[in-house]
Amino acid sequence: MNPLDLLSPVWTHLTTLQPVRGEGVYLYDAQGRAYMDFTSGIGVTNTGHAHPKVVAAVQEQAARLLFGQINIVVTPAVLELAQALNAITPPELDAFFFSNSGAEAIEAAVKLARHATGRRNIIVFQGSFHGRTAQAMAMTTSKYIYRYNYQPLPAGVFVAPFPYAYYYGWDEDRTVDFALRQLDYLLHGQTKPDEVAAMVIEPVLGEGGYVPAPPRFLQALRALTREHGILLVLDEVQTGFGRTGRMFALEHSGVVPDILVMAKGLGSGLPISGIAAPRTLMERWTPGSHGGTYGGGSAVALAAARATIQVLQEEGLVDNAARMGERLMAGLRALQARYPVLGDVRGLGLMVGTEFTHPDGRPAKDVAKAVQRAVLERGLLLLTCGTYENVIRWIPPLVVTAEEIDRALDIFAAALAQVTGA
Ligand SMILES: Cc1ncc(COP(=O)(O)O)c(C=O)c1O
């Protein structure tokens with residue numbers, strides 16, 4: 001029997017590549033063939049595959065203590081991670097809660113927001129992805145597949161437009177004005193502001209198409225939420241830990257949320273997530289009303305996260321993401337000039353989206369998927385995203401070098417030539 005048949009078909013697979021080793025941006029199969037991983041396992045391995053310092057921290061911790069349940073004991077590992085995070089998050093956000101996955105951290109943010117405000121409703125933005133648990137699914141509109149045949153979902157979630165200028169075909173200012181007007185409309189037509197606990201937004205729309213939210217929009221949300229006593233939640237699950245060329249994407253707009261949601265890049269591959277909020281807010285979360293077996297207790301995951309932050313800082317990976325992102329974007333813009341099917345190139349740092357569009361304006365999912373297959377044949381792993389699956393996203397580990405960026409661009413150029421016949 002093929003052991004692959006033992007896996008649930010609910011998992012889709014970009015490849016059935018079976019890597020036995022990873023190093024930096026490369027994955028290696030048993031025959032030693034190298035693949036350039038420009039997916040980072042969907043934004044997880046920001047420090048590169050099996051970074052030696054993260055591996056050493058995991059090994060050292062594992063040899064001493066694997067687990068210390070946080071309702072029973074407090075491990076040095078959890079205190080050290082809280083301190084490390086406190087040093088890199090905005091000073092206002094000085095209390096931390098840990099869990100295992102992004103969806104779980106979103107659940108925590110919503111539970112805290114509802115508990116602290118006594119309000120029920122949540123506003124999210126079109127195209128968002130917040131996870132696959134029931135509450136997170138109810139907040140996810142990036143593609144219908146994530147909700148398909150699961151409805152009805154928890155109520156009290158309202159969806160406002162995301163300022164996605166390329167989709168609307170307008171300039172940034174007009175799109176931001178439109179999105180703000182629609183939000184105001186929602187707050188007059190669908191839910192009164194004083195029943196809204198939180199607005200939750202990704203500073204760069206991830207699964208929904210790699211669309212940075214213009215700083216003016218985020219700043220306006222901050223002002224509006226303050227005016228109405230609504231909590232602002234930034235979902236930095238995909239944008240965090242250096243991905244956008246800053247430690248957190250919030251630094252691009254200067255907007256400090258009430259709750260910051262973190263996962264993925266935090267653990268370099270070990271399952272760990274968390275939320276950060278002002279202690280005064282966390283104090284309104286009744287003790288015992290939330291928690292979990294593993295959150296804050298898996299000493300190995302906590303040690304991996306602490307080592308990850310150290311590596312990001314010591315090796316200047318956040319600055320590298322900004323520099324390599326510029327190089328990548330410049331290379332993609334040059335290709336865009338040659339291939340009109342590349343309708344839009346956008347992003348922040350090493351979170352870059354290339355949106356494929358047919359001449360008549362229809363989303364070119366067929367071209368994006370063909371290019372994705374063509375780069376795979378040449379040993380480069382790239383993911384797609386977007387509601388129409390017509391965006392190829394670029395999300396390499398932050399250790400990527402200029403040579404590796406150029407190599408990936410060459411492969412992409414060859415794939416474009418092959419697929420378009422140009
Ligand atoms: C922005 C964002 N939020 C939440 C999640 C959910 O994270 P997880 O898959 O770890 O539950 C994801 C996952 O892709 C994400 O990109």
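Helices (H or I, at least four residues) and strands (E, at least two) are DSSP runs, numbered from the N terminus. This is a predicted model, in which local features need pLDDT of at least 70 and side-chain atom pairs count only at pLDDT 80 or more, while totals for chains, interfaces and linings use all residues. Residues are numbered from 1 along each chain as its sequence is written.

View 1. Taken along the principal axes, the C-alpha atoms fill a box of roughly 60 × 55 × 45 Å. The radius of gyration, taken over C-alpha atoms, is compared with a globule rule of 2.2 Å times the number of residues to the power 0.38; for 422 residues a compact globule would have a value near 22 Å, and the 21 Å of the protein agrees with this. Of the 422 residues, 50% are buried, a term that requires 20 or more other C-beta atoms within 10 Å of the residue's own, whereas 12 or fewer make a residue exposed and counts in between make it partly exposed, with C-beta atoms placed from the backbone. Two residues are in contact if their C-beta atoms, placed from the backbone, lie within 7 Å, and among contacts between residues at least 6 apart in sequence, 72% join residues at least 24 apart.

**View 2. The shell of 15 residues around the ligand.** A residue belongs here if its C-beta atom, placed from the backbone, lies within 6 Å of the molecule. The closest residues are Ser 101, Gly 102, Ala 103, Gly 131 and Val 237, and helix 4 (residues 102-117) gives the largest share of the shell, with 3 residues.

**View 3. The hairpin of strand 2 and strand 3, and the pairing of strand 3 with strand 15.** Two strands pair if DSSP finds at least two bridges between them. Strand 2 (residues 26-29) runs antiparallel to strand 3 (residues 34-37) and is joined to it by 3 bridges, with Tyr 35 as the bridge partner of Leu 27. There are 4 residues between the two strands, and Gly 32 in the turn has a positive phi of about 85°. Strand 3 also pairs in the parallel sense with strand 15 (residues 380-381), over 2 bridges, and here Asp 37 stands opposite Leu 381.

**View 4. Ser 8, in the segment before strand 1 (19-23).** Ser 8 is exposed because 5 other C-beta atoms lie within 10 Å. From C-alpha to C-alpha, Ser 8 and Gln 310 are 37 Å apart in space, and they are 302 residues apart in sequence.
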